[in-house]
Amino acid sequence: MDTYTYTAKDFKSDQDVRWCPGCGDHAVLNSIQKAMAELGISPDNTAVISGIGCSSRFPYYVNTYGMHTIHGRASAIATGVKTANPKLTVWQVTGDGDCLAIGGNHFIHSLRRNIDINIVLFNNEIYGLTKGQYSPTSKRGFVSKSSPYGTVEDPFRPAELTFGARGNFFARTLDVDLKTTQDVLIQAAKHKGTSVVEALVNCVIFNNGTHATISDKEFRLDRTIVLKHGQSMIFGKNNDKGLIIDGFNLKAVTIGENGITEKDILVHDAKCFDRTLHFKLGTMTGDLPVALGVIRDVEAPTYDQAVEDQIKEVQAKRPIRKLEDFLHTLETWEIK
Amino acid sequence: MADTAKVTSLEKVVIRFSGDSGDGMQLTGSLFSNLSAISGNEISTFPDYPAEIRAPQGTLGGVSGYQVHIGKNIYTPGDLADILIAMNPAALKVNRKHIKPNAIIIIDADTFDKNGLTKAGYKTEDPIEELGLGAAQIISASITTMVKASLADSEMDNKSILRCKNMFSLGLLCWLFNIPVDNAMHLLKNKFKKKPAILNANMKILVDGFNFGSNTHASVSTYHVDPTETVKGTYTDVKGNQATAWGLIAAAEKSGLPLFLGSYPITPATEILHELSARKDLGVKTVQAEDEIAGVCTAIGASFAGNLAATSTSGPGLALKSEAINLAIMAELPLVVIDVQRGGPSTGLPTKTEQADLLQALYGRNGESPCVVLAASTPANCFDYAFMASKLAVEHMTPAILLTDAFIANGSSAWKIPSMDDYPAIIPPFVHADMQPYWKPYLRNPENGSRYWAIPGTEGFAHRIGGLEKDNTTGAISTDPKNHELMTRLRQTKIDNIANVIPEQEVQGNPDADLLVVGWGGTFGHLYSAVEEMNASGHKVALAHFHYISPLPRNTEEILKKYKKIVVCELNCGQFAGYLRTKVDGITPYKYNKMEGQPFMVQELVDYFKTILDA
């Protein structure tokens, strides 16, 4: 049994971190290193797989096994790592372009299979490494080098995509909210199955302030809600706002106004199998606060375990373990 | 069931089974080839089936064929058939070009009615005359009528009854070739173990077919194909795709590594995925990925995690995998890539054979990206080369691309079940604990230039690799110009060094030949047969048939410079010929190329070789 107590330092590599000063990725890196220490899984039993993009430089900065792969394919490679050796804790670090544009197919199929990997999706709504083109999460009309007159396409919302692909764990956090980040990363790692943590990060160079309307200290508490399983959906600077169901929709209300009491406020159930409310919570915008924290956390059979189980099941019925023995079960004839 | 007809002894014979793709001709053909093998004949088979799963019944597009060559010194499924089984007029028409003028043709007379002839597009009511088959010996049997009558009391529905027609032709062939009908029954009993009603119906029709031949003296002579002296042992009939799958399993056993296949269905490679998915008893893990790219990427992930990892595909899939293969080249991870070549470009001819992916395998990636390329040459030796591809990939930490093709992948030959003791060890270059003080991710074994393998879970060896250029020792990202040049050369040298461990190139045939025939991959049987025929007729011809393509065997230059005339024969526009010229200065080979989606014919090769020798 491993009795050593890990600290974040054990997960820092000897490489200099080369993200721009002020980039939101730094904060998430620190949070992941702290989360890894708290999880207490040895760096030798941890694999971090990334694709291409600013955030995908991540594996070089953590002192675990790691592979910085090719654009968009991290989900597929991580699937191979975990299927081959389910004992490993496998993280996938990816960005909005890597994961949702070129890698969209692999992302949704990881979710569908429910392979037990932890996907950390750094969403800065921009292509940073190629110097400032709009990404699949950029808002309609976004002006960038490749959309000088504004984009004419709608963005993906990662929560919606995750649930649409039958994902069973989705959390969201802000780069500036270290506590929530660390907390959701630990829950993501503990979740058995594909977990997606969307980290809203700032790109200080090409998309500065893209999340400012919710991340600025001034109004963060009024415009976001940190969801916690089993707790009332209350938010706001004064903890006096809450969410209720109004017809088929969610509605933000103020406790004490219009006869609303704390009892009327919804209690978050991240473990509910039905995704309907998780969809609603995950896509809140406009008058509703942006949901942070773990929105969905439902246990379901994992792919890697099912692969192992099926082999065991077949082996329990068929005694053959060597190729040569198998070949002799075929239709054969003897030449004497 | 003694027979009084004359028995003619044959050294070899080519039989072609054909009918609608639902007529069960592939099954009949493979049962017959197994029966011949059991009787001691060598066999080589080739299915020729349409891309359509079920084209309209009775039409030319729906004709499915299966050719089997039995006898002594059998290296190919044969050029033209001596015997054709045509279950309908369309089958007869489509196969007109595949048979000898004096062939024996067995037809189901019931299908040659007005309707059948119209569907197959005949202009007259006499198909034999129309096709110019006057010299052929026609055995016309009302198979449909007889099968219906025979099974009238069977309580089977009409569709199931008609499905037994193929057994009539098998029975008739058993009579024609003096094969004991009991042997066929034995095979059927295994095949339909769990379906007694179908078994009984099939056995009844089998005997009907046999008796029909015997009672009507359907042919003036019956035949006996002489058994050959074969190496003692237990044999099975193996298709190239099966042998490939099993070769990977053999390599996994020999290396002590778990086997992982990441793959996406694609004709004509899918059977490899099927075979390996079925081998959970042997602990094989397979992922049917969401696309070709994910197929290779899951394999790369599994390789990083310490498995013997493979991906199987055909040409279009190899194109999609190229970026990921390059990642494995850069990260220096073992990876086996199997390309069962088909006709290209683009979707091309999915069910037909070609050798046109050679340059794609060698060069179809960005940057300087050398890897191992091998080619299997017969259905059975797909096993050996899948094994060798795995051995080289693992021991040299590199992707190895194994080229097979639709011809050998779907074709079959008799295969002596090997003993694993006869195969060499595979030793993964794992790091070991005492290396820890000085180990770096790109530290190389000075003997072969390969880096060491530290798999996740190994204590004290956590490290990062990836697709960016690396420092030649530490593996840290490096853009240093000198380092990049050094790494480019190190990657090439690692592959070049493999020439030291692979066998020297063999030359078969006449050692003092006037003409050296050069080939590679699945054309071996035809080239070998053509060379034998040339030498038997007094010419002096040799054959150098390549299995190792990158790197080439170390004596390649010596061989190619030794002969006055060289002809490189391949099923493409001359890719191997061009490649050899980049590797061996000053050679100007003749080229024989064919791009019909079909294998060579021995006769066309012989004819061409003669013209070269006369030139």
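Chain B holds 21 helices and 23 strands, taken as DSSP runs numbered from the N terminus (helices: H or I, at least four residues; strands: E, at least two). With a radius of gyration of 27 Å over 615 residues, close to the 25 Å from the globule rule, chain B is as compact as a globular protein of that length. That radius is taken over C-alpha atoms, and the rule is 2.2 Å times the number of residues to the power 0.38.

This is a predicted model, where local features need pLDDT of at least 70, side-chain atom pairs count only at pLDDT 80 or more, and totals for chains, interfaces and linings use all residues. Residues are numbered from 1 along each chain as its sequence is written, with chains lettered from A in the order in which they are written.

**Chain B overall**
- Its C-alpha atoms fill a box of roughly 85 × 60 × 45 Å along the principal axes.
- Buried residues (20 or more other C-beta atoms within 10 Å of their own, C-beta atoms placed from the backbone) make up 54% of chain B.

**The side that touches chain A**
- Here 61 residues of chain B are in contact with 51 of chain A, contact being C-beta atoms, placed from the backbone, within 7 Å.
- Elements giving two or more residues include α1 (25-38), α10 (240-255) and α13 (315-331) of chain B.
- α12(B) gives the most, with nine residues.

**Strand pairing across the chains**
- β2 (residues 65-68) of chain A and β17(B) pair in the parallel sense over three bridges; pairing takes at least two DSSP bridges.
- A:Met67 stands opposite B:Ile465 in β17(B).

Methods
Two residues are in contact if their C-beta atoms, placed from the backbone, lie within 7 Å. A residue is buried if 20 or more other C-beta atoms lie within 10 Å of its own, exposed if 12 or fewer, and partly exposed in between; C-beta atoms are placed from the backbone.
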